[in-house]
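Okay, thanks everyone, let's get going.

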Amino acid sequence: MKATHFGRNAAIAVIAAGALALTACGSDNATGTTAGTQSAASGPKVTGTLTGIGASSTGAAMDAWKAGFSAANSGATVQYSPDGSGAGRKAIIDGSAQFAGSDAYLKDEELESSKATCGPEGAINIPVYISPIAVAFNVPGVTDLKLDAATVAKIFRGEIANWNDPAIAALNEGVTLPDLKVTPVNRSDDSGTTTNFTDYLAAAAPEVWTDKAAGIWPATLAGENAKGTSGVVKTVTDTPGAVTYADDSAVSGKLGTASIKVGEEFVKISAEAAAKAVEAGKPVDGRAANDVAIKLDRKTTESGAYPVVLVSYHVVCTTYETKEVADLVKGFESYVVSDEGQKTAADAAKSAPLSKTLQDKAKAAIETIKAKA
């Protein structure tokens, strides 16, 4: 598939106030057909229990989605275990979950493996959540720093040992930096956040970050580690001098965050800046039309774009064993990508709503989900 630009002019979806609009996917509608749009007040549309496993970065958004969906569908429940993106992709492939949350899209070999459970077309990636990854630190007296890709890479490789290192000082004129040991903290689990963070470092600072992008942190690097987003944030919060990478929604309290150099400017972390970086992305080559995996441009020089960003996906089967499960998956995912679902996530997790372009692609992909004949 030829890569085409998502469109520089694709705006962040405008959130309309008012009643929830949700595509009806109940048992009265044939799976795979487009049902009419109804408000949440019209009553239950789907019933049953949906099981998901995956990314911990979307925890706040997922809690909000579960509550909103259940409120709109009184007979439906969503269970979600935040065991990490790698665990989620494994679960959708082996059939132990009905959807996966993943901050990294399926690799080609994972897509091929998914066909045994998900039918001949395998699984597809549906973008549901856009969020910046914060370079978050615990440096007493300092809440804002300016960093470029090479300096971030050196910090996490252990090549910068103290916070008053000349490389950091040169980027932060006028900031009093303490003589304090740098303690990098990484994820111990297979993490999509790690995949995105190392993808940024490998692309933007290849002369320093010589490892390939991966969900598992390089074992050769020293530092502390912890499981899950909450684990690394807690470790940094409890450790003066510590620094980590984490979904911005989880960063609060006494932790500072870094502005990242893009082109000739330093871009402060924000949902809007993350969305701008995603707009510069392209479809992943070789994927089916209903797979909305995005290849991000980590080296963008677009003004105001924050390239240390993750797009979190819900990985779903194209084909489910029963119509009831297919309808339930379609109902939940339709809610998640709707205006109301995206606003709910933004309010809960500081995420950026999907652009109208991505939202339309996601809705079209969801409509292709079907049950076995």
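I'll start with the whole protein, then go to a disulfide, a helix pair and one aspartate.

First thing to say: this is a predicted model, so keep that in mind throughout.

We've got 373 residues, and 55% of them are buried. In secondary structure, the protein comes to 11 helices and 17 strands. Now the contacts: if you take pairs of residues at least 6 apart in sequence, 75% of those contacts join residues at least 24 apart.

Okay, disulfides. How many does a search of the whole structure find? One. That's C118 with C317, and the S to S distance is 2.0 Å. If you like your torsions, the angle about the S-S bond is -45 degrees, and the link is left-handed. And are these cysteines buried or exposed? Buried, both C118 and C317.

Next, the helix pair. Find α1, residues 59–72, and α9, residues 323–337. Their axes are 10 Å apart, and the helices pack at an angle of about 115 degrees. The crossing of α1 past α9 is right-handed. Which residues make the contact? From α1 you have M62, A64, W65, G68 and F69, and α9 brings L328, G331, F332, Y335 and V336. By type, that contact has eight nonpolar residues, two polar ones and no charged ones.

Last stop, D248. You'll find D248 in the loop between β10, residues 242–247, and β11, residues 256–262. Is this aspartate buried or exposed? D248 has a relative accessible area of 11%, and the cut-off for buried is under 20%, so D248 counts as buried. What does D248 touch, once you leave out residues up to four places away in sequence? The list is S131, P132, A134, I269 and K350.

That's my tour, happy to go back to any part of the structure.

Key:
Residues are numbered from 1 along each chain as its sequence is written. This is a predicted model: local features need pLDDT of at least 70, side-chain atom pairs count only at pLDDT 80 or more; totals for chains, interfaces and linings use all residues. Side-chain values use heavy atoms; hydrogens and water are left out. Helices (H or I, at least four residues) and strands (E, at least two) are DSSP runs, numbered from the N terminus. Buried means under 20% relative accessible area, exposed over 50%, partly exposed in between (1.4 Å probe, protein chains only). Contact means heavy atoms within 4.5 Å. Axes are lines fitted to C-alpha atoms, for helices over the stretch in contact, and angles run from 0 to 180 degrees between N-to-C directions. A crossing is left-handed if the near helix is turned anticlockwise from the far one by less than a right angle, and right-handed if clockwise. Ala, Val, Leu, Ile, Met, Phe, Trp, Tyr, Cys and Pro count as nonpolar, Asp, Glu, Lys and Arg as charged, and the others, Gly among them, as polar. A disulfide is a pair of cysteine sulfur atoms within 2.5 Å.
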